[in-house]
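Here is my note on the model you sent.

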Amino acid sequence: MSAHPEREPLAVYDATGAVIGTADRGTVYREGLWHASAGVLVRSLDGTRVHVHRRTDTKLVFAGLHDCVAGGVVGAGETPAATARRELGEELGLTVPDGTTLPLRARTSWDGAWAGRPLRCHLFVYEFRSDGPVHLQPGEIADGWWWTDARLRARLADPAWPFVPDTRAVVDRLLR
């Protein structure tokens with residue numbers, strides 16, 4: 001992320017999920033423009049655990065909340081798959097081997113709010129299998145750990161648990 005993340009150019013989408021232009025991140029968030037976010041659910045090699053993390057308190061959106069998807073917004077000229085690969089490396093220090101395709105596990109649209117403003121996002125979630133090592137990016141991820149799907153589901157059953165709302169909208173399709 002740049003020194004001025006609010007100036008970063010993002011792809012702007014319409015409500016149906018088609019790219020219609022670009023705008024800087026600050027404008028997208030301020031005006032509640034449709035944009036896209038892509039992320040990766042990291043599952044252990046044996047498939048029994050998922051990586052869960054807590055976002056830093058300095059994030060522009062969903063600061064301090066928990067998530068099970070490492071991801072971020074789709075930049076101008078970038079595909080969701082490229083964003084997912086980039087964010088996996090930036091946030092968790094994991095690299096997808098060349099020639100490996102990340103399977104798309106879920107796609108949804110989320111029309112919600114953050115900090116009293118509309119936040120509209122098309123969410124693309126991919127899956128990657130790895131046992132790590134995970135290297136958390138301290139500017140974005142405060143802490144991380146591995147949980148079974150059952151343990152994560154138990155925490156998500158509490159609607160007061162501070163979990164990112166866009167991932168919460170799709171997480172049932174990601175867990176076993």
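1. A nonpolar core here is a set of buried Ala, Val, Leu, Ile, Met, Phe, Trp, Tyr and Cys residues joined through side-chain atoms within 4.5 Å. Buried means under 20% relative accessible area (1.4 Å probe, protein chains only). The model is predicted: local features need pLDDT of at least 70, side-chain atom pairs count only at pLDDT 80 or more, and totals for chains, interfaces and linings use all residues. Residues are numbered from 1 along each chain as its sequence is written, and side-chain values use heavy atoms, without hydrogens or water.

2. The largest nonpolar core has 29 residues. Cys68, Val125 and Leu152 have the most contacts inside it. Strand β8 gives the largest share of this core, three residues.

3. Val125 touches Gly39, Leu41, Val69 and Leu174, among others, leaving aside neighbours within four places in sequence. Contact means heavy atoms within 4.5 Å.

4. A second, separate core has 18 residues, including Trp34, Leu92, Val96 and Phe124.

5. Helix α2 spans residues 80–92. Helices are DSSP runs (H or I, at least four residues), as are strands (E, at least two), numbered from the N terminus. Its buried residues are Pro80, Thr83, Ala84, Glu87, Leu88, Glu91 and Leu92. They sit on the same side of α2 because they cover an arc of only 135° around the axis, taken from the directions from the helix axis to the C-beta atoms. Gly93 follows α2, with a positive phi near 70°.

6. The unreviewed UniProt entry annotates residues 33–169 as "domain: Nudix hydrolase". Such annotations may be inferred rather than shown by experiment. That span is 18% helix and 40% strand.

Key:
Expected span 1.5 Å × (residues − 1). Buried < 20%, exposed > 50% of the residue type's maximum accessible area, 1.4 Å probe, protein only.
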